[in-house]
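Subject: The structure we talked about, with notes

Dear colleague,

Please find the structure below, with its sequence, and keep it open beside you while you read.

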Amino acid sequence: MAMNVAIEIPENVSAPLRSRWKDVPRRVLEAVAAEAYRSGALTTHQGGELLGHGSRWETESFLQRVQAYLHYSEDDLERDLAALRAARG
């Protein structure tokens with residue numbers, strides 16, 4: 001089941017948006033997807049699904065363009081390295 005969300009943008013705000021962006025609803029959807037990814041609410045796959053992307057690469061390109069990077073700490077790296085070492089024997 002899909003969710004529909006409607007927002008009301010006052011004319012004095014929407015006019016400048018329309019003059020700079022061809023597709024305001026799409027830009028709003030992209031902003032939601034980027035922020036949801038940044039906050040951890042959505043995975044890369046879910047963000048791509050939301051945006052209707054055909055591939056992970058398209059989603060990765062989008063996330064890079066909007067500077068929505070994976071939160072990956074040194075602790076995360078150490079855990080991944082330890083798991084890799086354990087898997088390798």
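A residue is called buried when its relative accessible area is under 20%, exposed when it is over 50%, and partly exposed in between, with a 1.4 Å probe and protein chains only. This is a predicted model, in which local features need pLDDT of at least 70 and side-chain atom pairs count only at pLDDT 80 or more, while totals for chains, interfaces and linings use all residues. Residues are numbered from 1 along each chain as its sequence is written, and side-chain values use heavy atoms, with hydrogens and water left out.

Arginine 18 is placed in helix α1, where helices (H or I, at least four residues) and strands (E, at least two) are DSSP runs numbered from the N terminus. With a relative accessible area of 47%, arginine 18 is partly exposed. Once its neighbours within four places in sequence are left aside, arginine 18 is in contact with Glu11 and Val24, and contact here means heavy atoms within 4.5 Å. Arginine 18 and glycine 48 are 30 residues apart in sequence, and in space they are 24 Å apart, C-alpha to C-alpha.

Tryptophan 21 has its place in the loop between α1 and α2, and it is partly exposed as well, with a relative accessible area of 26%. Tryptophan 21 and methionine 3 are 18 residues apart in sequence and 24 Å apart in space, C-alpha to C-alpha.

**Helix α2**

Helix α2 has 16 residues and reaches 22 Å from its first C-alpha to its last, which is close to the 22 Å expected at 1.5 Å a residue; the expected span is 1.5 Å times one less than the number of residues in the helix. Its buried residues are Val24, Glu30, Ala33, Ala34, Ala36 and Tyr37, and what covers them includes α1 (11-20), α3 and α4. After α2 comes glycine 40, whose phi is positive, near 90 degrees.

Two of these residues deserve a careful look. Alanine 33 is buried, with a relative accessible area of 1%, and, not counting residues up to four places away in sequence, it touches Leu50, Leu51 and Phe62. Alanine 33 and glycine 48 are 15 residues apart in sequence, and 8.2 Å apart in space, C-alpha to C-alpha. Glutamate 30 counts as buried at 14% relative accessibility, and, with residues up to four places away in sequence again not counted, glutamate 30 touches Leu51, Phe62 and Arg65.

**The nonpolar core**

In soluble globular proteins, nonpolar side chains tend to be buried together. A nonpolar core is a set of buried Ala, Val, Leu, Ile, Met, Phe, Trp, Tyr and Cys residues joined through side-chain atoms within 4.5 Å. The largest one here has 7 residues, namely Ala33, Ala34, Tyr37, Leu51, Phe62, Leu63 and Ala68. The elements that give two or more residues to this core are α2 and α4 (56-65), and the largest share, 3 residues, comes from α2. Phenylalanine 62, leaving aside its neighbours within four places in sequence, is in contact with Glu30, Ala33, Ala34, Leu51 and His53.

Threonine 44 lies in helix α3 (residues 44-51) and counts as buried at 12% relative accessibility. Apart from residues up to four places away in sequence, threonine 44 touches Tyr37, Arg56, Thr59, Glu60 and Leu63. Glutamine 67, in the loop between α4 and α5 (74-88), is exposed, with a relative accessible area of 56%. Although glutamine 67 is not a glycine, it has a positive phi of about 55 degrees.

**The largest pocket**

A pocket is an open set of points on a 1 Å grid over the protein atoms alone, where a 1.4 Å probe fits, with protein on both sides within 12 Å along at least five of seven lines, and its lining residues have an atom within 4 Å of a point. The largest pocket has a volume of about 270 Å³, a volume being the space filled by probe spheres set on the points, which are joined across faces, edges and corners. Ala2, Met3, Asn4, Val5, Ala6, Ile7, Val28, Leu29, Val32 and Leu50 line this pocket, and helix α2 (residues 24-39) gives the most to the lining, with 3 residues.

With best wishes
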